[in-house]
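Student: I am new to this one. Could you walk me through it?

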Amino acid sequence: MIIESAKRVSQVKPYFFAKLGDTIEVLKKSGKDIIRLDIGSPDLPPKDFIIEALVDAARRPDMHGYGQSGGSDSLRKAFASYYARRFGIDLDPDRELVGLIGSKEGLFNLSQVILNKGDWVLMPDPGYPVYGVGAVITRAKPYYMPLLAENDFLPDLEAIPTEIANKARLMWLNYPNNPTGAVAPYDFFEKVVAFAKRNEIIIAHDAPYVDVCFDNYEAPSILQVPSAKEVAIEFNSLSKTYNMAGWRVGVAAGNREIVCLLRVYKSQLDSSHFKPIMEAAKAALLGDQSWIAERNMVYQKRRDIIVSTLRELDFDFEVPKASLYVWARIPSPYVDSIAFCDELLHATGVSITPGELYGPSGAGYVRISLVTPEGILEEAMCRLKKWMRGN
Ligand SMILES: Cc1ncc(COP(=O)(O)O)c(C=O)c1O
């Protein structure tokens, strides 16, 4: 029997990092020493008190049944406290917050609950691939908003044709941004909210890097704009803020109708988190926050190691104020960043990500992540220098 995929998933290609992982396994087996600067998974653990909360809860007999889909009442309250403390935003835990099994789950499911075939979706280019997959599966039509260096990697709202703006149903945004490392000032969010209201567009702001900031920068939330809740839903996550990527805890916050749609949909799909994980997430959100600034200093030092190497090698880039990435244009005579990354990997074992992966405007760029300890990062930068100078 020949088994074919359903038509709606036939355009979904394997995730780039899954394929890259296979290539890297083959190289490792052949004896190559690999340094991965391609992924954005934090290498440091969460603070001890968070792990202890997990272990303590796991010992309790009442913690092993199904959890509440959309997160326990107390987890949603903890997210509300986080938003109040961090951004001064008041959110109703029952109606304006829904817990997610990692924010990626919510990003995908948002498309499922609001998009119909033929709907226009405004999408950042480059952008996190899940926004596009959600559009493909729902047969919505993407309109790409180029994120260009000359616009500080913010979309140019004026450049969106009026007929597209009128028809569009959803706009994706993501600041601090993956892959460009760019940040959005508060007044950009004000403009976006006004634009969305004028054109009746839902804004989905994906903000998992909002607490990974350097040089005393503090990233804003779109929900700080007074009337943002009328049009916006913000996705946040414990993955990067608390070094808890594998724990799969995220949240969608803001517009009540969208929160309600996600809650109903999820109630049919998943049976929530392991309860001890929700206990630990509460500990992370409500407990000591001072270690976050210390952790960000670790990333900042790593960023500076990369920055000084890229300067020596004539890459063109902005020093990122936030996120886990340095986004840089490869210097001439190199043009093709896919070939650049592939040759670098095979010659030196250093794996970085080609910008095209995130969309056509990423051509000519590479993304280097900060989730590798200093010593290994220095070694990777030495290999990069030696390889480029020997070419
Ligand atoms: C822009 C962006 N959004 C969402 C996610 C997913 O985060 P989570 O671990 O909460 O699913 C990532 C992960 O790298 C990301 O870079």
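Tutor: Gladly! A residue is buried if 20 or more other C-beta atoms, placed from the backbone, lie within 10 Å of its own, exposed if 12 or fewer, and partly exposed in between. This is a predicted model, where local features need pLDDT of at least 70, side-chain atom pairs count only at pLDDT 80 or more, and totals for chains, interfaces and linings use all residues. Residues are numbered from 1 along each chain as its sequence is written.

Student: What percentage of the residues in the protein chain is buried?

Tutor: The protein chain has 391 residues. By the cut-off of 20 or more neighbouring C-beta atoms within 10 Å, the buried share is 47%.

Student: What radius of gyration does the protein chain have?

Tutor: The C-alpha atoms fill a box of roughly 60 × 60 × 55 Å along the principal axes. The radius of gyration is taken over C-alpha atoms, and the globule rule is 2.2 Å times the number of residues to the power 0.38. For 391 residues a compact globule would come near 21 Å, and the chain agrees, with 21 Å.

Student: How do the axes of H4 and H9 lie to each other?

Tutor: Helices are DSSP runs (H or I, at least four residues), numbered from the N terminus. The axes, lines fitted to C-alpha atoms over the stretch in contact with angles from 0 to 180 degrees between N-to-C directions, come within 10 Å and cross at roughly 100° for H4 (residues 103-114) and H9 (residues 256-269). Angles of 65 to 115 degrees count as roughly perpendicular, so H4 and H9 are roughly perpendicular.

Student: Which residues of H9 make the contact with H4?

Tutor: Two residues are in contact if their C-beta atoms, placed from the backbone, lie within 7 Å. H4 brings residues including Gly106 and Leu110. From H9 come Leu261, Leu262, Tyr265 and Lys266.

Terms used. Helix = DSSP H or I, 4+ residues; strand = E, 2+ residues; numbered from the N terminus. Parallel < 35°, antiparallel > 145°, perpendicular 65-115°, else oblique.
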